[in-house]
Amino acid sequence: MLCNKFISNLILSLFVIILIIYILLPIYWLFITSFKIPIEYWTKTPTLFPSKFTLEHYYEIFNKGFLLNISNTIFVCIIASLIAILVGLPASYSLSRLKIANLFKNGILTWILISRIIPPVVIVLPLYTTFKVFGLTNNLLGLSIAYEVYVLPFAIWTLIGFFKTIPKEIEEAALVDGANRITILIKILVPTILPGIIAVLIMGILTIWNEFLFAYVFLSESSKLTLPVVIAGLVTSEYGEIWGQLAAAGLISSVPMLLFTVYLQKYLILGFTTREVGKM
Amino acid sequence: MNKLEKTPYLFLFLAIILFVILTLYPIIDVIYLSFHKYNFITEEKEFVGLKEYISCINDYIFKTSIINTLYFSLAATFSQTLLGLGFAILVNRLNRIRKFLIPIIIAPNLLPVVVVISAWKLLMDYDHGLFNYILNSLGFEKVGWLFDPKIIWPSIIIIDTWQWTPVCFLILLAGLQSIPKDLYEAAMIDGASSTSLFSKITLPLLKPHLFLTLLLRSIDTFRIFEKVYLLTGGGPGIATETISTYIFKNGLIFFDLGKASAASVLMTLTIITVGIVYIINIMKRG
């Protein structure tokens with residue numbers, strides 16, 4: 001019995017070790033490549049540690065205006081998440097709490113789910129044509145609005161789930177006291193569903209920070225590019241010498257997102273599950 | 001009273017405007033364009049009926065794209081769900097180190113897709129990659145991970161699985177945790193073996209979660225774009241062409257908007273057929 005338990009523990013530990021190597025190897029490889037000198041990653045015998053530590057690749061990418069790309073990405077993330085919350089809060093409140101014709105309500109809910117399914121590549125072309133008419137292409141504000149394709153349906157869907165968990169009596173008491181709907185929403189409901197709002201913000205930021213296709217189509221000027229587009233340019237480059245820059249850029253753009261799992265894991269997992277299957 | 005009744009609709013106003021501009025209008029536009037021949041120099045649109053659809057269906061590149069997409073979608077969906085299930089079972093058992101394992105497992109899905117592609121490109125490079133170095137030193141021949149037409153799809157499946165297993169894992173872990181523990185205890189007292197515990201309790205109760213995972217992943221994998229576009233560009237030849245890259249190339253590189261739109265409509269219809277099951281399933285929960 002004791003022997004059996006030992007063997008099953010050994011097998012379990014083995015599984016865990018394999019799992020960790022499988023997941024971390026690509027990230028580790030990116031990490032060390034970013035510190036190697038070009039001759040080292042361009043040889044036929046790869047090394048597990050950089051034999052000569054260098055920061056030249058980081059220096060190079062920041063020399064090329066990487067800081068601007070970072071601030072562009074942050075800008076788009078903030079604007080798009082704010083729009084999603086400002087538009088999504090009243091919409092989800094109305095859909096979950098207020099009296100609306102059932103047909104209308106179900107129509108909107110179905111459309112929200114359909115927008116989750118439609119391939120982005122189908123949307124991006126006609127959207128680009130429309131935005132061009134309004135001068136919103138090659139424009140970070142325009143891109144932020146376009147990103148509502150991804151963020152708004154998720155925001156409304158998640159917030160509806162949270163509104164439903166609040167007992168109706170709280171609102172009714174406030175209504176009797178003469179408060180209007182907007183006051184109730186801001187003063188009473190928003191504080192209660194704060195975890196939901198944080199989850200929406202995190203998932204919104206994560207989605208937009210990582211998004212490639214829309215940014216690739218919408219932005220053309222190099223001073224406007226966001227991180228994924230810049231990195232994509234390095235990936236498709238034929239020159240192996242820039243591997244170090246590719247790794248450095250990739251690593252920098254991953255760090256903020258990886259910090260989410262360290263500091264905001266609870267909200268992240270909440271966001272993930274609500275995004276995929278609704279609030280459980 | 002009258003004022004109160006308007007509020008619900010006013011609250012929805014901005015959201016509806018955005019949905020109309022961002023998704024409804026583009027879809028209508030795509031449907032409209034799919035019945036037209038578009039001349040990108042004169043910007044003229046000539047009504048041609050179903051002609052663009054027919055030229056799409058007769059295009060062997062489009063046919064290959066469909067086959068490729070279906071093959072990838074099926075293979076990737078199953079490998080991600082299976083691996084996610086394995087991870088979920090493992091973590092569910094190892095309660096003590098769960099806090100340490102979960103962030104590691106979800107890390108791949110937090111990275112930008114372009115970074116995922118970069119990392120694997122370095123590992124899979126023919127001459128300088130780690131994988132071929134290991135194969136070589138073990139006495140095997142080098143593998144053309146990213147250009148051998150026979151290997152390239154498995155490579156992309158590996159990369160996509162690495163990135164998306166976390167999502168399957170999270171859904172299935174939530175499912176496992178929703179199974180009441182006393183069910184297992186009761187069955188164990190009755191002397192059930194661990195395999196029968198799995199097949200008689202875990203699997204049946206996990207079925208809704210498994211079903212949803214498979215649905216979600218098949219919808220998402222069907223839309224594969226970045227990995228193919230950035231790693232192979234659809235090549236060598238048309239070996240890795242997918243519906244998304246087909247639409248993208250026809251629309252944004254060849255400016256054949258009519259053809260791209262026809263392909264878009266066909267793709268959207270296919271995805272919505274599968275998606276309706278997902279929508280009904282989700283609506284029922286709400």
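## Contact between chains A and B

In this predicted model, 81 residues of chain A are in contact with 71 residues of chain B; two residues are in contact if their C-beta atoms, placed from the backbone, lie within 7 Å. On the side of chain A that touches chain B, helix α1 (residues 2–33) gives the most, with twelve residues. Helices are DSSP runs (H or I, at least four residues), and strands are runs of E of at least two, numbered from the N terminus.

That side of chain A has 59 nonpolar, 17 polar and five charged residues. Ala, Val, Leu, Ile, Met, Phe, Trp, Tyr, Cys and Pro count as nonpolar, Asp, Glu, Lys and Arg as charged, and the others, Gly among them, as polar.

## Chain A as a whole

Chain A has 15 helices and zero strands. Its C-alpha trace spans about 75 × 70 × 30 Å along the principal axes.

Of its 280 residues, 44% count as buried, that is, with 20 or more other C-beta atoms, placed from the backbone, within 10 Å of their own.

## Helix α6

Helix α6 of chain A covers residues 120–133. Its 14 residues should span 20 Å at 1.5 Å a residue, and the end C-alpha atoms are 20 Å apart, which agrees; the expected span is 1.5 Å times one less than the number of residues.

Among the buried residues of α6(A) are Val121(A), Ile123(A), Leu125(A) and Phe131(A).

## Basis of the report

Residues are numbered from 1 along each chain as its sequence is written, while chains are lettered from A and ligands numbered from 1 in the order in which they are written. As the model is predicted, local features need pLDDT of at least 70 and side-chain atom pairs count only at pLDDT 80 or more, whereas totals for chains, interfaces and linings use all residues.

Key: A residue is buried if 20 or more other C-beta atoms lie within 10 Å of its own, exposed if 12 or fewer, and partly exposed in between; C-beta atoms are placed from the backbone.
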